[in-house]
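Hi,

Here is the structure I said I would pass on to you. Have it open while you read, and my notes follow below.

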Amino acid sequence: MNDAILVLNAGSSSIKFAVYAHAEQDLTEYLSGQVEGVGVAGTASRLHLEDHQSAPVSSDLGHGVDHDSALRAVLEQVRSSLGELTLRGAGHRIVHGGRHYSAPVLIDDAVLGDLHELESLAPLHQPHNLAAVEAVCRVAPELPQVACFDTAFHRTQPAVAQRFALPREYEQRGVIRYGFHGLSYERIAALLPEYDQRAARGRTVVAHLGAGASLCALHEGRSVATTMGFTALDGLPMGQRCGNIDPGVVLHLQRMEGMSLEQVERLLYRESGLLGVSGISADMRQLLSSSEPEATEAVELFCYRILREIGSLAAALGGLDALIFTAGIGEHAAEVRERIVNGLHWLGMELDQAANLNNGPLITTPESQLSAWVIPTDEERVIAAHTIALLSR
């Protein structure tokens, strides 16, 4: 086991990374970490590293660190920690692949140009994902790079699930429902047979609940419908994003409130969701611990909308066998899971209180007609596996 793959998930102010060692079919996480405070004026950037063999390491990178400097620090730290391993390539989480990229792809100038054209569809993620790609090109040009797309998993959906009720010319221009969090859903679909064979063979809703949140309907492990659409703004209320909203609200804000396109974009992407409703925080942990009524109302709305969308996806599936919770809120917020499972009592779902408080994995009783599980996701492992497969061809 001498080869290693670097996995990068770059955001606006942070870069998460992991290194996986591999040989034949074995894939082992060797180290992981993140850089915080990237590109934030007046904020010191820090690199945190855990190599799973010794104590975690944290180092100060200074102020005003950009993506190039952060990636250079990551690569230096990674290479000094590799021992006998040799870094063979880098895999990236790229949020939007558009219509043309439905599978992982080696990145070249043409691919990079295509992906830049999709930045307006994922403004919180795509520019920073691509900044990391370009930084690696400059810092370590010898490393081949692979793009793994959050939209790709949903390309199995039937055309009717992807179509908007707009004139067909817009569909031909790429205005369709793409769906996101696909790397997470791909991981859960792969793990599901280990937990629940009935769910793996049948009809399952996966709830990826975190700062970004969505649901996906799986039939025999394949995506048939999801709550996010053309952009990652659609669907459930999220930490700062509004989720599903009447398009007439946007017209009203521009026509009657005099808001510019940029002001509306900021409102919907950065000032809404849990933060906007509560006026307190986008962090579910803070809201659950708060006694303020606005915090309670934000959590209530979050759970209510999840329950409504589960009903919609169950209809798309023609029934339901299981519900899976994953991602930060899904894996750790027992109170949110309790509200949702109890809200599905009409479907015959019965919560096991003790199991839920212990984060599962199975959180329904033996008498429950439907099962509910807590299954940790691992998008980085999916990216590593795709990168290895593509570079091995």
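Predicted model: local features only at pLDDT ≥ 70, side-chain atom pairs only at ≥ 80, totals over all residues.

At roughly what angle do the axes of helix α2 and helix α3 cross? Residues are numbered from 1 along each chain as its sequence is written, and side-chain values use heavy atoms, with hydrogens and water left out.

Now the answer: the axes of α2 (residues 109–116) and α3 (residues 126–139) cross at roughly 160° and come within 10 Å. (Helices are DSSP runs of H or I with at least four residues, strands are runs of E with at least two, and both are numbered from the N terminus. Axes are lines fitted to C-alpha atoms, for helices over the stretch in contact, and angles run from 0 to 180 degrees between N-to-C directions.) That makes α2 roughly antiparallel to α3; the label is for angles over 145 degrees, while under 35 is roughly parallel, 65 to 115 roughly perpendicular and the rest oblique. The crossing of α2 and α3 is left-handed, which is the name used if the near helix is turned anticlockwise from the far one by less than a right angle, with right-handed for clockwise.

Who touches whom? From α2 come L112, L115 and H116, and from α3 come Q126, L130, V133 and E134, where contact means heavy atoms within 4.5 Å. Those residues divide into 4 nonpolar, 2 polar and 1 charged. (Ala, Val, Leu, Ile, Met, Phe, Trp, Tyr, Cys and Pro count as nonpolar, Asp, Glu, Lys and Arg as charged, and the others, Gly among them, as polar.)

Another helix pair to look at is α8 (residues 247–255) with α9 (residues 261–270), whose axes come within 10 Å and cross at roughly 135°. That makes α8 oblique to α9, and their crossing is right-handed. In this pair, V250, L253 and Q254 of α8 meet L261, V264, L267 and L268 of α9. By class, that contact has 6 nonpolar residues, 1 polar and no charged ones.

Next, the cysteines. A disulfide is a covalent bond between the sulfur atoms of two cysteines. Searching the whole structure turns up 0 disulfides, counted as pairs of cysteine sulfur atoms within 2.5 Å. For C137, the closest cysteine sulfur is in C148, 15 Å away and so too far for a bond.

Most residues other than glycine have a negative phi, and most peptide bonds are trans. H181, though not a glycine, has a positive phi of about 60°, and sits in the loop between α5 (168–172) and α6 (182–195). H181 counts as buried because its relative accessibility is 6% (buried is under 20% relative accessible area, exposed over 50%, partly exposed in between, with a 1.4 Å probe and protein chains only). A327, in helix α13 (residues 327–332), also has a positive phi, near 75°. The peptide bond from G360 to P361 is cis, with omega near 20°.

Last one: find M349 in the loop between α14 (334–343) and α15 (353–357). At 1% relative accessibility, M349 is buried. Beyond its neighbours within four places in sequence, M349 is in contact with several residues, including L323, V341 and L370.

Cheers
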